[in-house]
Amino acid sequence: MSSLQGYIDKRVLVITADGRTILGDLKGFDQTTNVILSDSIERVYSLEEPVEEVPLGLFVVRGDNVTLVGELDGEREREMDLSTIRAEPISELKI
């Protein structure tokens with residue numbers, strides 16, 4: 001998982017196997033892809049309501065629940081109007 005080393009101290013988005021979308025500053029990770037995020041929030045999507053952001057603070061995602069980790073573009077994040085976004089929640093990963 002050395003590819004995550006370049007994301008340390010950067011804002012990332014983590015999508016979990018159970019369909020959660022969590023944003024935070026990547027502070028650490030280990031060989032089993034457990035990730036530690038600071039200043040994290042969860043974005044909750046709905047077809048009927050605007051995107052809800054739930055503050056999580058310091059948050060650990062277990063490696064067996066990590067599906068995707070990607071760096072966020074801060075400029076695009078600031079330009080987005082979450083109150084206008086409606087989306088179907090991500091489904092749980094089926095193995």
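**Notebook: positive phi residues and the paired strands**

I began with D9, which comes out as exposed, with a relative accessible area of 53%. I am working from a predicted model. I placed D9 in the segment before strand 1, and I noted that its phi is near 65°, a positive value in a residue other than glycine. I kept in mind that most residues other than glycine have a negative phi.

I then turned to T33, which also is not a glycine and has a positive phi of about 65°. I located T33 in the loop between strand 2 and strand 3, and I recorded T33 as buried because its relative accessible area is 14% and the cut-off for buried is under 20%.

Next I looked up the strands on either side of that loop. Strand 2 (residues 21-29) and strand 3 (residues 35-44) pair in the antiparallel sense over 7 bridges, and I found T21 with R43 as its bridge partner in strand 3. The two strands make a hairpin with 5 residues between them, and T33 is the residue I noted there for its positive phi.

I went on to the other partner of strand 2. Strand 1 (residues 11-16) runs antiparallel to strand 2 and is joined to it by 5 bridges, with V14 standing opposite I22. This hairpin has 4 residues between its strands, and in its turn I noted G19, whose positive phi is about 90°.

Notes. Residues numbered from 1 in each chain as written. Predicted model: local features only at pLDDT ≥ 70, side-chain atom pairs only at ≥ 80, totals over all residues. Heavy atoms only, no water. Pairing = 2+ DSSP bridges. Buried < 20%, exposed > 50% of the residue type's maximum accessible area, 1.4 Å probe, protein only.
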